[in-house]
Amino acid sequence: MSENGKPKFAMYWAASCGGCEIAVLNINEKILDVDANFDVAFWPVAMDAKYKDVEAMDDKSITLTLFNGGIRNDENEHLAKLLRQKSQILVAFGSCATEGCIPGLANFSSMDSLFDAVYASVSTENPDDIQPQYTYEVPEGVLNIPVFYPVLKTLDQVVDVDYYIPGCPPESHQIAAVVGVVLAALRGEVELPPKGSIIGAGHSTVCDECPRQRDVKKIKKFVRIHQAEDINPEICLLEQGILCNGPATRDGCYARCPQVNAACIGCYGPAPGVVDYGARMMTAIASVIDSRDPEEIERILDGIPDPAGSFYRFNLAHSLLHAAKPAWKDGYTSAPAVDPGIRKN
Amino acid sequence: MAEQFEPIIIGFTCNWCSYRAADLAGTARVKYPPNIRLIRLMCSGRLDPTFVLKALAEGADAVMITGCHPGECHYIEQNYKTLRRYLLLRRVVAQMGIEPERVKLVWASAAEGVKLAKEIEILVEEIRAMGPLNWPGRMAHAQTAAGAMAGHTNGAGISQPIPEEVRA
């Protein structure tokens, strides 16, 4: 509790884009409830605070911490451990913290190739070939920047996590619902869900929420959405040969993308019971291809130019393989905290 | 002299054909290398790519998927799904930096004990020449399995890594 008697709230961003913070602000007038009921102790995007202020707090003095972003460097890991120590409830907030998300796609590549892409590719003007140095001496002393990890990790691969809120970003109505539950729990009206639960999401798949008509799926040809000549707005996208990740993806988003003729790309993560998201996608897609001839099957599969990227777009860092071999080759500094596995509903 | 590398191969067999082929090989005293550990499924169509990825992530050097010949599936057409999954899985596995030859599909009827034994022998030699996969997450999983079992809801019941002594 803070001096004004309110429970403390914190939000932190690690390797993320900032969309999660915007999603929190998008809960509109409910943000006033957050302000009325919580004392914002630490939220670098919204207010000035120093890490040493957090370090000075008593352990477990923050009631609720929403942590978004993956663990990309040692600063991210330090803050994850610090906030775990200072928080009663630590929530992996958004796809990056729960399963790696887009930053986790870097796990397909070696660290060298990542640095080359950023500092030495044709899109970068860097004539002196300046590369970042972890330590640098200046007249005033030694400067340090965070050490980059070869493999991006999810929050639960470095610390114990109480709850997961999936989504890229989480839908605002879901955030508002979670805030409502936490507030009701603080007042003693309801009990919090069991530890390890996925909250702010559904218990089925995106297909279940999708209003498009579904029939028998028999696919002879995959087309990328921009190549499709005519998309029927009433019929299942997958049945029209457009790769849609709905069958493997958890619901909770109201199937927003398929509703506007865009295929689901899987941001809400694995549906209940799915251990490896990409494996579930492979199962689903292979089942609906309408051919028994190996050569024809290969031709149909050629319509999916980047299967691993499409099936693990949000989930690579939390998949069974965690990262492709080139990324592993640079060495792996510390072990994941847990085995990727089934999270509770 | 260095010891010969003994690959660990996980083999998924179908209850109605390849499992019986392996059984027949045993009855007929047809030898095949002990590097393969067979797991029986009711049908090759039961094979979730998760099984293959888990095997590779946790210490297997290769996976052999076996099922009834095309057109002979006990469940009519599930082995065609296996074929399609296998072809898709190979593409994904290659993108993960794993040699696609480490995942192999073999059709073997209940009468083909000799054929199955031969295919196992071929795969073991291929993988022996290729060298260990040693998926780097494996040790990380092993170190933390105890932690995952002790209370954390995520890992419960999912992982039992292959101990180092089994490999030796």
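Trainee: Two residues are in contact if their C-beta atoms, placed from the backbone, lie within 7 Å. On that basis, how many residues of domain 1 of chain A are in contact with domain 2 of chain A?

Mentor: This is a predicted model, and in it 11 residues of domain 1 of chain A are in contact with 10 residues of domain 2 of chain A. On the side of domain 1 that touches domain 2, the residues divide into five nonpolar, five polar and one charged.

Trainee: Where are those domains in chain A, and how far apart are their C-alpha centres?

Mentor: Domain 1 of chain A is made up of 1-120 + 133-201 + 317-340, while domain 2 covers 206-267 + 270-313. The C-alpha centres of these two domains of chain A lie 30 Å apart.

Trainee: Staying in chain A, what is the strand order of the open sheet of six strands?

Mentor: The order is β2-β1-β3-β5-β9-β10 in chain A, and the pairing is parallel. At the edges stand β2 (39-42) and β10 (197-198) of chain A, each with a single partner strand, so one side of each is left without a neighbour in the sheet.

Trainee: And how many bridges join β1 to β3 in chain A?

Mentor: Five bridges join β1 (residues 8-13) of chain A to β3 (residues 62-68) of chain A, the two strands running parallel.

Trainee: What about β6 and β7 of chain A, parallel or antiparallel?

Mentor: Strands β6 (residues 135-138) and β7 (residues 141-144) of chain A run antiparallel and are joined by four bridges. A hairpin takes β6(A) to β7(A) through two residues, and A:Val138 stands opposite A:Gly141 in β7(A).

Trainee: Switching to helices, how do α2 and α7 of chain A cross?

Mentor: The axes of α2 (residues 30-37) and α7 (residues 172-186) of chain A come within 10 Å and cross at roughly 30°. Angles under 35 degrees count as roughly parallel, and α2(A) and α7(A) are therefore roughly parallel to each other. The crossing of α2(A) past α7(A) is left-handed.

Trainee: Which residues meet there?

Mentor: From α2(A), A:Lys30, A:Asp33, A:Val34 and A:Asn37 meet A:Ala176, A:Val179 and A:Leu183 in α7(A). By class, the residues of this contact of α2(A) with α7(A) divide into four nonpolar, one polar and two charged.

Trainee: OK, chain B now. What order do the strands of its open sheet have?

Mentor: The four strands of chain B are ordered β2-β1-β3-β4, with parallel pairing. Its edge strands are β2 (36-41) and β4 (103-107) of chain B, each of which pairs on one side only, and the twist averages 20° from one strand to the next. Five bridges join β3 (residues 62-67) of chain B to β4(B), where B:Val63 stands opposite B:Val103.

Trainee: Which strands of that sheet does α1(B) touch?

Mentor: Helix α1(B) packs on the sheet and touches β1 (9-14), β2 and β3 of chain B, its direction making about 110° with that of β1(B). Helix α3 (residues 78-95) of chain B also packs on the sheet, where it touches β3 and β4 of chain B, at about 160° to the direction of β4(B).

Trainee: Last one: α3(B) and α10(A), at what angle do their axes cross?

Mentor: The axes of α10 (residues 277-288) of chain A and α3(B) come within 8 Å and cross at roughly 135°, which makes α10(A) oblique to α3(B). This crossing of α10(A) past α3(B) is right-handed. Residues making the contact include A:Met282, A:Ile285 and A:Ala286 of α10(A), together with B:Arg84, B:Leu88 and B:Val92 of α3(B). By class, the contact of α10(A) with α3(B) has six nonpolar, three polar and three charged residues.

Definitions and conventions: Residues numbered from 1 in each chain as written. Chains lettered and ligands numbered in written order. Predicted model: local features only at pLDDT ≥ 70, side-chain atom pairs only at ≥ 80, totals over all residues. Pairing = 2+ DSSP bridges. Domains from an automatic or database assignment. Nonpolar A, V, L, I, M, F, W, Y, C, P; charged D, E, K, R; others polar. Axes fitted to C-alpha atoms, helices over the stretch in contact; angles between N-to-C directions. Parallel < 35°, antiparallel > 145°, perpendicular 65-115°, else oblique. Left-handed = near helix turned anticlockwise from the far one by under 90°.
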